Amino acid sequence: MPPKFKRHLNDDDVTGSVKSERRNLLEDDSDEEEDFFLRGPSGPRFGPRNDKIKHVQNQVDEVIDVMQENITKVIERGERLDELQDKSESLSDNATAFSNRSKQLRRQMWWRGCKVKAIMALVAVILLLVIIIVKYRT
């Protein structure tokens, strides 16, 4: 008893069947739409629509160009934003450092002022002592 199905098909079996089906479809009475899909577009019959397709393709190409420019601009904008963010962080760090240094300088100047006042007070006290000692000795 012969097997019902072939388990292994040769390339000739597959391509031969496709060719025969195609030939059968093209030889039978078929409408133009089926022929278009089986044979592909033919030159003269496809002429007026070809201009429309070219026009639409040109529009699509223009849109693609515009979108590529827009993407390039967005990428450049992102790079500029990154640079701006880096500069902003640097400026913030510099501001913090400046604030810390100004606080240190303020403290140093306050201590220096206190030292000057203490020295002046000490000189005044010494002068008063000298004046009092000289007055009582005489």
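Ile 119, Val 123, Leu 127 and Ile 131 form a nonpolar surface patch of about 380 Å². Patches take residues with over 30% relative accessible area and no salt bridge, joining nonpolar side chains (Val, Leu, Ile, Met, Phe, Trp, Tyr) within 5 Å and like charges within 9 Å. A salt bridge is a side-chain nitrogen of Lys or Arg within 4 Å of a carboxyl oxygen of Asp or Glu. The model is predicted: local features need pLDDT of at least 70 and side-chain atom pairs pLDDT 80 or more, while totals for chains, interfaces and linings use all residues. Residues are numbered from 1 along each chain as its sequence is written, and side-chain values use heavy atoms, without hydrogens and water.

Ile 131 belongs to helix 3 (residues 47-137). The chain has three helices and zero strands; helices (H or I, at least four residues) and strands (E, at least two) are DSSP runs numbered from the N terminus. The unreviewed UniProt entry annotates residues 116-136 as "transmembrane region", though such annotations may be inferred rather than shown by experiment. That span is 100% helix, and its end C-alpha atoms lie 30 Å apart.

Ile 131 counts as partly exposed because its relative accessibility is 48%, between the limits for buried (under 20%) and exposed (over 50%), with a 1.4 Å probe and protein chains only. Trp 110, at 53%, counts as exposed. Of the 138 residues of the chain, 1% count as buried.

One aromatic pair is counted. The ring centres of Trp 110 and Trp 111 are 4.9 Å apart and their planes stand at 75°, so the pair is edge-to-face. Rings of Phe, Tyr and Trp (its six-membered ring) pair with centres within 6.5 Å; planes under 30 degrees apart are stacked, over 60 edge-to-face, and the rest tilted.

Notes
Areas by Shrake-Rupley, 256 points an atom, 1.4 Å probe, with all protein chains shown as cover.
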